[in-house]
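Please read the following points alongside the coordinates.

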Amino acid sequence: QDKVDPPALGRAVAAGADELARLGKCQIGDKTMYDALAPFADALSENLADGQDLITAWTAAQTVSEQRAAQTADLTPKLGRARPLAQRSIGTPDAGATSMAMVLAAVGRVLADHPC
């Protein structure tokens with residue numbers, strides 16, 4: 001089994017977030033999954049740079065992702081499937097952001113259960 005290189009994983013997550021923004025033409029505040037993924041990627045990279053081990057860094061970043069996903073309830077969607085709902089979606093977190101936070105939590109549990 002190959003070992004996970006935490007800094008490389010952090011760079012890969014950041015690259016994935018950047019590619020999502022590029023392909024989806026999205027940015028923070030558009031009420032998309034990017035609102036949960038980009039802050040996660042930033043926090044993960046910062047936590048790893050601060051010397052945290054992968055599980056601690058991931059868990060802390062995942063908490064940021066959950067918080068940011070919840071905060072999308074205050075936003076009006078500018079892109080994606082929720083866009084036609086506009087003002088009616090205020091008060092409801094974005095499904096993509098919520099799902100992204102859930103996926104990141106699931107990956108974190110796998111990493112914790114199977115240390116690399």
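Predicted model: local features only at pLDDT ≥ 70, side-chain atom pairs only at ≥ 80, totals over all residues.

**Notes on helix 2 and the overall fold**

1. Helix 2 is itself mostly covered, with 12 of its 16 residues counted as buried, where buried means under 20% relative accessible area.

2. The buried set in helix 2 includes Leu-37, Phe-40, Leu-44 and Leu-48, and among its other members are the polar residues Asp-35 and Asn-47.

3. The length of helix 2 (residues 34-49) agrees with expectation, because 16 residues at 1.5 Å a residue should span 22 Å and the end C-alpha atoms are 22 Å apart. Just after helix 2, Gly-51 takes a positive phi of about 95°.

4. Over the whole protein chain there are 4 helices and 0 strands, which follow the pattern α-α-α-α along the sequence. The radius of gyration is 15 Å, close to the 13 Å from the globule rule for 116 residues, so the chain is as compact as a globular protein of that length. Along the principal axes, the C-alpha atoms fill a box of roughly 45 × 25 × 25 Å.

5. Of the contacts with a separation of 6 or more, 61% involve residues 24 or more positions apart, and 35% of the 116 residues count as buried.

6. The protein chain exposes about 6,800 Å², of which carbon and sulfur atoms supply 56%. As for charge, the mean positions of the 11 positive and 14 negative charges lie 11 Å apart.

Terms used
Residues numbered from 1 in each chain as written. Heavy atoms only, no water. Helix = DSSP H or I, 4+ residues; strand = E, 2+ residues; numbered from the N terminus. Rg over C-alpha atoms; globule rule 2.2 N^0.38 Å. Buried < 20%, exposed > 50% of the residue type's maximum accessible area, 1.4 Å probe, protein only. Contact = heavy atoms within 4.5 Å. Areas by Shrake-Rupley, 256 points an atom, 1.4 Å probe, with all protein chains shown as cover. Lys, Arg positive; Asp, Glu negative; His and termini not counted. Charge placed at Lys NZ, Arg CZ, Asp CG, Glu CD. Expected span 1.5 Å × (residues − 1).
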